[in-house]
Amino acid sequence: MSCNQISKFLRGSSFLLMLDILKMNLKLTLVYCIQCFITVFLTILIGHFAWSDSPISYYQDIQPILQRSCQGCHQPSQADGDLILTSYEDLRRGGTAGAAFIAGQPDQSLILDLISGDPPSMPMDGDPLAPAEIELVRRWIAEGAVNDTPNMDTDSAIAPPQYTIPPVISSLTYSPDGDIIAVSGYREVLLHKSDGSQLLARLLGKSDRIESIIYASDSKMLIIVGGTPAKFGEVQMWDTATNKLIHSLESTYDTIYGASLSPDNKFLAFGCTDKTARIVSILDKKEFLRFDNHSDWVLGTLFTTDGSHFVTGGRDTALKLTELKSGSFIDDINASNKGLGAIHTIVRHPKLDQVLSGGADRIPRLYRIFRQKRRDVGNTDFNLIRAFERQSDVINAVAFSPDGSQIAVGAVGGEVRIYKVADGSLIMTLDADSTAVFTIAFHPNKNQVAIGGFDGQVRIFNLGSGELMGEFIPVPLDSALTRVKKVEEVGTVKAKDIIKATSEIKLVVSGMT
Amino acid sequence: MKASLSILGILLVLILNLYFNVSVNSDQTAVNIEIPKITKLKSMPEALVLEGKHDVRRVLVSGLTLGGYWIDLSNEPSFTTTDTKVRIDSDGYIHPVAVGRTTVKVTFRRHSIDLPVNIKSVDTQPVSFVRDVMPAISRAGCNAGTCHGAAKGKNGFQLSLRGYDAHLDYQTLVTDLSGRRFNRARPAQSLMLLKPTQGVPHGGGQVMEADSRHYEIFHQWIAEGVKSDVVTTEKVSRLEVIPNATEIHLPGMEQQLRVIAHYPDGTSRDVTRDAIYSSSLPDAATVSDSGFVTAVRRGEAVILVRYESLYSTSEIIVIGDRSGFKWAEVSQYNYIDGLVYDKLKRVRVLPSDLCTDAEFIRRLYLDLTGVPPTPDQVQAFLADHEDSRKKREGLIDYLIGQPEYIEYWTHKWADLLQSNRKFLGEKGVWLFRKWIYDSVAENKPYDTFVRDLLMASGSAYQNPAANYHLASTDKTIYQPDVAVENVTQLFLGIRFACAKCHDHPFEKWTQNQYYELGSYFSEVGVKKGQLPDEQIIYNNYSVNGGVKHPKTGTIVPANVPFGSADKIGDDPRESITNWLVSKDNPWFAKSMVNRVWSYFLGRGIVEPVDDIRSSNPPSNAKLLDALTEDFIENGFDLRHLMRTITTSRTYQQSIKTNRWNQEDEINFAHATARRLTAEQILDAVSVATGSQPKFSGVPKGSRAVQLPDSNLDDGGFLKLFGRPERESVCECERTTQVSLSHALNLINGPTIANAIIDPQGRIVQLTEKKIDNRTLVEEVYLATLCRVPSETESGKAVDYISKADSQVEGAQDLLWALINSPSFLFNR
């Protein structure tokens with residue numbers, strides 16, 4: 001036992017620490033167990049006299065126990081017994097069996113009943129809590145079960161992230177006038193001039209990951225959707241005039257996906273990992289509707305041209321049509337979805353009620369949203385207009401050209417193929433330098449397309465010639481650490497010369513697949 | 001006041017802690033076994049070479065006891081170093097610090113040795129996905145079958161089972177959901193680090209500590225850009241476990257294993273802490289997750305070591321306290337006995353004595369012909385004054401090839417080849433049975449037999465061998481995958497079925513190999529013939545060379561999983577057959593030898609007989625090899641093999657055990673009681689009672705083993721006693737356990753009762769001859785247990801019959817009692 005440990009021990013009065021110290025010295029033997037019991041017993045005994053003036057902290061003492069031993073099964077995505085133990089509020093609320101504790105009355109508290117006993121009924125499949133841990137819970141409840149969780153939201157008043165390696169680009173989009181390209185970073189969206197020549201603004205938020213970036217059709221608002229995986233999902237509404245955050249709305253306990261805005265800019269739809277799709281009213285900044293007809297994560301949403309309906313798709317392979325006003329489920333668009341792969345992304349034809357989907361089975365499919373035929377036996381996939389050719393790899397991004405005549409399909413194998421919608425023919429293949437493509441955007445009025453993905457570089461291609469017009473890293477790199485030789489190494493990319501680099505744009509990452 | 005109390009309390013706890021620490025440390029040896037006096041130390045290896053900062057290795061240390069054997073002390077000595085070129089961690093691993101040569105002093109009690117260490121480099125390497133990340137994922141258990149390695153993954157996250165597909169796993173971690181699972185900007189915030197450490201809720205619980213080596217590997221890999229080296233870096237190619245076989249003398253003693261991964265580029269790593277261990281028999285020896293084996297009781301355990309897709313084993317024999325054991329020379333009838341005794345000497349076991357002639361004749365008749373000898377045959381054998389060994393050999397030579405022998409082995413083959421009218425039709429089962437009968441009758445060499453089956457084409461009516469393929473056919477569609485599974489399990493003893501969906505979890509077989517094998521059978525076609533239910537096997541050349549791999553959707557070119565096959569000519573079946581039945585195929589002859597051995601000794605040298613794999617090693621590898629070699633040298637002659645086995649002294653041992661072999665189950669130190677099979681019981685009852693069983697659809701007087709398939713029955717008796725339906729090639733389809741329903745059926749069931757009271761039966765016939773009770777009793781004993789009764793048995797039985805209502809009833813009761821005795825129901 002080092003001096004440092006002993007001094008910590010004296011200061012901290014933590015039972016857990018003491019057990020750790022014991023463990024360091026001993027192997028698990030019978031005597032060790034006896035020792036534990038005696039030690040714990042004595043500590044409890046002494047604790048009653050000596051340490052009652054140092055209250056137990058929920059945040060410091062209790063939450064770590066719950067996190068290690070309980071949260072696996074009692075969490076938002078798997079709330080066994082309807083009980084969630086990831087926050088104080090949820091713990092207090094309890095589950096189907098009732099409230100978890102009664103403040104001040106440990107003997108009446110359900111949680112103690114469940115974690116003690118021989119053998120204890122909880123944790124169900126895990127190791128029982130140590131006697132010292134149970135005693136901590138008991139004391140915390142006896143002391144009034146106070147919540148001392150610090151307010152984490154202040155954390156979002158953040159300093160801009162520093163980067164040594166570019167983060168992946170999970171979403172990018174052009175402003176309606178085509179002057180700006182908005183690109184996802186880590187905890188931020190970066191606004192660049194659309195040729196990459198200048199970084200205009202960094203929109204910093206609290207979500208680690210950005211899944212969708214959407215400009216309102218009137219350009220007044222920029223909506224950023226994402227979240228921090230396994231923690232929370234978030235919708236951010238930004239004022240494009242001032243680049244200020246207007247509102248942040250949290251939703252679910254995980255990142256949210258595949259957002260879309262209604263044509264009248266009034267409603268935002270997105271998919272969730274809790275198998276729901278949700279509609280938020282932009283005006284009220286409140287959830288308007290929750291659709292729970294999917295059986296797996298919902299990864300894509302879109303509105304019909306008149307905004308009366310919305311379409312959702314996801315890992316359960318289904319494409320579902322729902323009426324916005326009533327929330328009524330209307331139709332399974334890909335009714336014969338048996339054998340299809342998970343849908344990763346969907347997008348609507350710019351002018352028509354047609355939906356293009358892409359996903360795990362590598363085949364982009366174009367469907368009519370509203371059916372024109374009665375469904376009967378043997379005629380179940382009547383909405384399918386065209387199944388395009390199978391791609392080289394899993395599809396993560398699809399896009400329509402502004403006039404709806406072409407589509408772009410991006411696969412994780414590192415290429416984007418452009419097809420003619422009318423006959424499904426391949427127009428050209430854009431080489432993304434074998435980096436996985438996660439997002440594609442057509443320029444609204446120029447004949448070009450921007451793609452982003454795994455290596456964190458934006459690439460812009462001319463759709464006339466198929467040439468790479470430019471590429472840039474949207475985030476400012478902390479170059480002192482990482483500036484290396486790479487530009488020459490990658491030399492095969494002919495458009496290297498025309499990078500209109502800002503001072504940050506020095507590094508080209510390569511060879512990452 | 002409170003403060004002083006508090007200090008007092010703390011001091012008290014500290015003092016108690018110290019007290020217990022001391023006592024625990026001194027008690028530790030009391031819980032385990034006392035380490036005996038050591039006269040010498042040695043380390044394995046004797047010197048270390050370290051190359052690179054992450055090349056961290058341990059050594060094994062052992063000590064020579066006064067008893068003259070080495071014991072493992074790897075976790076006991078202290079390791080000290082005189083300079084700072086290496087660092088030694090708390091687990092005894094040696095880390096390189098600076099380039100150069102140094103010496104680590106290994107000290108235990110008064111002994112010490114020097115371990116030279118040559119540090120060639122201390123360079124750091126980028127983290128390799130293939131060599132660092134994948135093993136860490138496996139070790140944490142993420143890709144286990146119960147977690148994300150499940151067929152559909154877990155909670156939307158799917159890894160390949162036990163990491164057989166590194167590329168797929170890389171894709172899943174990196175490109176799935178647009179890179180959700182890592183965070184290059186803030187590596188510590190990556191989902192793949194937060195989940196296993198329970199930084200965010202994780203259904204699988206906490207499987208990694210935030211400051212562990214594996215955490216550091218994940219962290220560094222992400223910080224370096226989540227790069228893949230799946231294409232450029234070769235996986236581990238050989239796994240070395242040290243020691244690969246050892247004896248631990250007493251329960252409580254230990255053995256540390258050391259596991260070295262060798263790579264194709266000539267480098268190696270100490271992966272002892274990253275390998276995954278399991279014990280085949282934890283009752284005998286347990287293994288910790290750091291490769292530390294503890295002997296529990298006398299016995300033999302195999303420690304299976306897995307690292308990446310490779311498996312290796314360490315065979316542990318716990319000798320136990322055998323003081324007083326002394327080997328006594330036992331005669332050897334042939335090479336089998338010498339090899340069996342070699343193993344017995346190693347594990348300090350003495351073989352049983354020979355069985356009696358009466359025991360032998362019953363055992364041999366049942367094993368070779370499936371039916372016990374008649375009273376006349378027993379009496380003649382017992383009365384023969386020839387030397388017992390010669391007499392027994394004579395009987396063996398006589399029985400092999402007898403009609404009963406042919407019937408019995410025809411029946412056995414019909415089981416394994418799934419001769420079942422569900423597949424073959426009624427006419428088919430008769431024709432196929434006849435074809436098998438002829439093959440057994442002419443003692444067709446085993447390789448020719450299998451070749452004839454696999455290559456058979458044409459109408460299954462005209463060429464009955466073609467019926468073999470119908471078991472792999474589902475409604476006129478030939479199933480190459482079923483063919484692969486049947487051929488490998490039946491003729492190689494290898495279970496390939498796991499590899500249909502993923503690489504085999506306990507062996508080296510891959511999913512690719514499964515489909516590569518399948519491609520050899522892709523051109524087999526089945527079509528209807530002119531006659532009712534006639535089916536024709538043909539080569540369907542319209543099918544284009546191979547089966548599709550379910551993952552890639554592309555045609556897999558045919559290839560064999562080991563060795564090499566001829567180039568495919570006109571018929572792909574020809575090259576696979578040549579490869580299969582070749583003398584050079586290490587499994588073909590061996591699996592058959594093992595199977596046949598199990599039919600006579602009650603247990604395979606590898607058990608189960610059709611699950612040969614490195615994690616299920618033979619209990620006597622030399623014996624299996626010798627039998628295999630002999631079998632091949634003698635032209636795959638099954639009769640020769642059976643003769644060799646049955647003429648060995650090992651086969652002729654008594655079921656009675658001695659002090660030294662009573663616990664042995666796997667080394668063939670004594671005979672084992674085996675319950676008669678369903679057909680054997682019925683045929684033995686027929687011999688005992690003299691009553692012929694009545695089966696519909698077969699000629700009167702047919703034995704149960706002459707039934708063509710399980711469709712012909714006798715009121716459920718055979719089914720109850722475990723006759724297989726013949727829907728599987730697995731030996732396990734036939735069962736020979738004993739249960740209450742079996743006992744009740746024998747006691748009360750109509751099958752036995754009717755046979756006993758049959759007016760044409762033995763008892764009625766005997767009593768009509770007006771013989772005395774003593775002779776009658778002897779006849780009944782001979783007919784059931786194949787021996788004469790002892791004086792006491794005879795006296796009691798005579799007494800019972802004389803007090804019975806009639807001689808007939810008394811004798812029938814005796815017969816009933818003997819049929820219900822274990823001596824009747826078991827082959828002993």
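Among the elements of chain B, the lowest mean pLDDT belongs to helix α1 (residues 2-31), at 43, and the highest to helix α18 (residues 638-647), at 98. For pLDDT, think of the predictor's confidence in each residue, from 0 to 100. Helices here are DSSP runs of H or I with at least four residues, strands are runs of E with at least two, and both are numbered from the N terminus.

This is a predicted model, in which local features need pLDDT of at least 70 and side-chain atom pairs count only at pLDDT 80 or more, while totals for chains, interfaces and linings use all residues. Residues are numbered from 1 along each chain as its sequence is written, and chains are lettered from A and ligands numbered from 1 in the order in which they are written.

Let's stay with confidence for a moment. Chain B averages a pLDDT of 90, and 96% of its residues score at least 70. Over residues 8-31 of chain B, though, pLDDT stays under 50. For chain A the average is 82, with 80% of the residues at 70 or above. Two stretches of chain A stay under 50: residues 26-31 and residues 480-513. For the complex, the predictor gives an ipTM of 0.78 and a pTM of 0.75.

Now, a helix pair in chain B. Helix α2 (residues 129-140) of chain B packs against helix α3 (residues 166-174) of chain B at about 75 degrees, with the axes 11 Å apart. Axes are lines fitted to C-alpha atoms, for helices over the stretch in contact, and angles run from 0 to 180 degrees between N-to-C directions. So α2(B) is roughly perpendicular to α3(B), a label that covers 65 to 115 degrees. Who makes the contact (C-beta atoms, placed from the backbone, within 7 Å)? From α2(B) come Phe129(B), Val130(B) and Met134(B), and from α3(B) come Ala166(B), Asp169(B) and Tyr170(B).

On to a sheet, also in chain B. Four strands form an open, mixed sheet in the order β11-β19-β18-β15. Its edge strands, β11 (245-248) and β15 (276-279) of chain B, each pair on one side only; pairing needs at least two DSSP bridges between two strands. From one strand to the next, the twist averages 25 degrees. How do β11(B) and β19(B) pair, parallel or antiparallel? They run in the parallel sense, over 4 bridges.

Conventions:
Angles under 35 degrees count as roughly parallel, over 145 as roughly antiparallel, 65 to 115 as roughly perpendicular and the rest as oblique.
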